Amino acid sequence: MDLDKWKSQIIRGTLEYCILLMLSRKTCYGYEILQKLSAYPTIASTESTVYPLLRRLQKEGYLQSVWQDSAEGLPPRKYYSLTSEGCAYLQAMNDEWQNLSDTISDLKRKTTETKKGAS
Amino acid sequence: MNAAFETYLNTIDKHLRPLPASERADIIKEIKSSILEMESEQLPEAQILERLGAPKELAKAYLGDFIAKGNDFSLNRFLTVFAFYSLTGFSGMFIVPILGITAPMFLLCGAIAPAAGLVKFIGSLFGYDVPFVVAQFGTMTLSPAFTFLYSVVMGAVLLLLGRGAWKLLLRYICTISQTKKKLAA
């Protein structure tokens, strides 16, 4: 059973969605996104995954960013937020996710019904 | 920020060389910011470095998209382009001149043949046999009227052949320019 491989594929496919969801609620800086992700063991990621992903999303026009030189000796932070394209993209992703989730629950329901019918 | 981190960032910068300088600076600034955040959380140096991973690998993660876009050298791409130009160059050496010459020639002959048949036919009506227009099958020579009819049919066939060759040439050129565009994209 190669569950780890499957799990890493799920993360690769959904991390983008998770980050957009996070940013739709509030503007975040890169390290903050990493911290928030680490609260969920399933999608916890490191710099080498998240930063290039943020960069790509920005290049594709879904995110915008701005550097803020924080006061009190804190390091400068790069804040990311959704663009209007990003919001539309997230909306489309929400719909797709709903479809997928409905499909899975439908398949699961049918499986249990078949099992009941057999016994 | 201690020397170990400076070295780490410099190594990343070196591996990011295929990227434009401004983007490279921005990437380094963001990683540096991450390191400073972790330092302010009192994380030990070794733990920070472990989390960031080998500098070469981290740089590669940024380069991944860039290389996939084809701005950098890749053997596969080189072979595709190489195959395209060899094939195009070689086929073009024959196809373009052959079609380029035959197409107008077919069209020209297609126009001349019925004209010559007409001259022969009109000549025969006035009792004059035009000697340089002859339709001959083996030993049988067609009469002027049949020569005219035959020349019209042959003329039409030649015109069709000429048109076909011309269209083939255009299509060949279109296909090549489209393939080239696709390769450049």
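In this predicted model, Gly110(B) touches Gly155(B), Leu158(B), Leu159(B) and Gly162(B), leaving aside residues up to four places away in sequence. Gly110(B) itself belongs to helix 5 of chain B, which covers residues 75-125. Between the C-alpha atoms of Gly110(B) and Val152(B) there is a separation of 8.5 Å, although the two residues are 42 positions apart along the chain. How is Gly110(B) classed by its C-beta neighbours inside 10 Å? Gly110(B) has 19 such neighbours and therefore counts as partly exposed; a residue is buried if 20 or more other C-beta atoms lie within that distance of its own.

Two packed helices are described by the angle between their axes and the distance between the axes. The axis of helix 5 of chain B and that of helix 6 of chain B, residues 144-184, come within 7 Å and cross at roughly 160°. Helix 5 of chain B is therefore roughly antiparallel to helix 6 of chain B, since angles over 145 degrees are placed in that class. The two helices of chain B make a left-handed crossing. Sorted by class, the residues in the contact between helix 5 and helix 6 of chain B are 30 nonpolar, 12 polar and 1 charged.

The whole of chain B may now be considered. Chain B contains 6 helices and 2 strands, and from the N terminus on its elements follow the order α-α-α-α-α-β-β-α. Of the 185 residues in chain B, 18% are buried. When contacts in chain B between residues at least 6 apart in sequence are considered, 68% of them join residues at least 24 apart.

The axes of helix 2 and helix 3 of chain A come within 10 Å, with a crossing angle of roughly 130°. This angle makes helix 2 of chain A oblique to helix 3 of chain A. Helix 2 of chain A passes helix 3 of chain A in a right-handed crossing. On the side of helix 2 of chain A, the contact is made by Gly30(A), Ile33(A) and Leu34(A), and on the side of helix 3 of chain A by Glu47(A), Val50(A), Tyr51(A) and Leu54(A). These residues divide into 5 nonpolar, 1 polar and 1 charged.

Chain A also has a sheet. Its 3 strands form an open sheet in the order 1-3-2, with antiparallel pairing. Strand 1 (28-29) and strand 2 (63-68) of chain A stand at the edges, where each has a single partner strand, so one side of each is left without a neighbour in the sheet. Strand 2 of chain A is joined to strand 3 of chain A by 6 bridges, and the two run antiparallel. Gln64(A) stands opposite Ser81(A) of strand 3 of chain A.

The last topic is the meeting of the two chains. Here 15 residues of chain A are in contact with 16 residues of chain B. Helix 2 (30-38), helix 3 (47-59) and strand 3 (77-82) of chain A each supply at least two residues of the side that touches chain B. Which element of chain A gives the largest share of that side? Helix 3 of chain A does, with 7 residues. By class, the side of chain A that touches chain B consists of 6 nonpolar, 4 polar and 5 charged residues.

Definitions and conventions: Residues are numbered from 1 along each chain as its sequence is written. Chains are lettered from A and ligands numbered from 1 in the order in which they are written. This is a predicted model: local features need pLDDT of at least 70, side-chain atom pairs count only at pLDDT 80 or more; totals for chains, interfaces and linings use all residues. Two residues are in contact if their C-beta atoms, placed from the backbone, lie within 7 Å. Helices (H or I, at least four residues) and strands (E, at least two) are DSSP runs, numbered from the N terminus. Ala, Val, Leu, Ile, Met, Phe, Trp, Tyr, Cys and Pro count as nonpolar, Asp, Glu, Lys and Arg as charged, and the others, Gly among them, as polar. Two strands pair if DSSP finds at least two bridges between them. Axes are lines fitted to C-alpha atoms, for helices over the stretch in contact, and angles run from 0 to 180 degrees between N-to-C directions. Angles under 35 degrees count as roughly parallel, over 145 as roughly antiparallel, 65 to 115 as roughly perpendicular and the rest as oblique. A crossing is left-handed if the near helix is turned anticlockwise from the far one by less than a right angle, and right-handed if clockwise. A residue is buried if 20 or more other C-beta atoms lie within 10 Å of its own, exposed if 12 or fewer, and partly exposed in between; C-beta atoms are placed from the backbone.
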